[in-house]
Structures are given as structure tokens and as C-alpha cells.
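Good morning, colleagues. I would like to take a few minutes to go through one model, with attention to its charged pairs.

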Amino acid sequence: MDTRVELNKPTSECPDRPTEGLAAPPRWGGVVVSVNLSGGGVPKHPVNEACVTLDGLVGDGHAHVKHIKPARALSLLDDEILETLRQEGYPVAPGVLGENITVRALHVQSLTPGTMLTFAG
């Protein structure tokens, strides 16, 4: 999969979503390794493409009651974390831990609340 991830900070006029102008020029921050869906639960399985809606990814089930609500988030995980777990002997691959999007070189844990991501490619 050859998809880049663009990082944008939200604008001061609309802290939850970007408007026409961005607070700062976009910068490329990583690549998508895998997009993962399941009918519910884990593991999620890689797919070639997915559509994002307000309900989450189309075709991605939510097997736990805490996930069945109007505002859902997409789960992101750095492939580098999976790589570390594999080196420690754990049999993990994209989607096995339940993430919707596996990324590389994005450093998800370092993103601050309000960071806007754009997936392009």
C-alpha cells in the first residue's frame, strides 16, 4: 500500500476540524502499511481500501457495547510497535491487535490531541 499521511494542526476558528486555511503548512509524517477491518472483534483483516464515515470504517463491525455509539474513532498503531513485539516473540501482524490503520514512521504515541491526519495516495 503506498499511502502517505499528512499531519495538520486544527485551525483556531475550528479546533475540532480544519477549515479552508490550515494553521500551518501540511507536512508528510508517515505511510500507511495496512487498513484493517473485521465483522466484529479481533483480529481485523487487511483490505485494499476502506471508506471512512461518521460511524467509522464501512464494513468494520463493533463487537463490544462500548464501541456502539455515535462518535467512533479509528484506531491507529505504529508498525514499529508490531515489529518490536515480533522481535520479542509475539506472533503479531497488522490488524491482530484490533487497529484499523497500521502506519510506519508516524509515531502515533507522540501526536498531540487535535492533530488532524489526512491520508493520501
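This is a predicted model: local features need pLDDT of at least 70, side-chain atom pairs count only at pLDDT 80 or more; totals for chains, interfaces and linings use all residues.

**Salt bridges in the chain**

Asp79 and Arg104 form a salt bridge, with their closest N and O atoms 2.8 Å apart. Asp79 belongs to helix H1 (residues 79-87) and Arg104 to strand E7 (residues 101-104), so this pair ties together parts that are 25 residues apart in sequence.

How exposed are the two partners? Asp79 counts as buried, because its relative accessibility is 8%, under the 20% limit. Arg104, at 27% relative accessibility, counts as partly exposed.

Arg104 also forms a salt bridge with Glu83, where the closest N and O atoms are 2.9 Å apart. This pair again links distant parts of the chain, with Arg104 in strand E7 and Glu83 in helix H1, 21 residues apart. Glu83 is partly exposed, at a relative accessible area of 33%. Through shared partners, salt bridges join Asp79, Glu80, Glu83, Arg86 and Arg104 into one network.

The count of salt bridges comes to five. Among them is the pair of Asp60 and Lys44, with closest N and O atoms 2.8 Å apart. Asp60 lies in the loop between strands E5 (56-57) and E6 (76-78), and Lys44 in the loop between strands E2 (27-37) and E3, so the pair ties together parts that are 16 residues apart in sequence. Both Asp60 and Lys44 are buried.

As for the overall setting, the chain has one helix and eight strands, in the order β-β-β-β-β-β-α-β-β from the N terminus. Of its 121 residues, 30% are buried.

Note on methods. Residues are numbered from 1 along each chain as its sequence is written. Side-chain values use heavy atoms; hydrogens and water are left out. Helices (H or I, at least four residues) and strands (E, at least two) are DSSP runs, numbered from the N terminus. Buried means under 20% relative accessible area, exposed over 50%, partly exposed in between (1.4 Å probe, protein chains only). A salt bridge is a side-chain nitrogen of Lys or Arg within 4 Å of a carboxyl oxygen of Asp or Glu.
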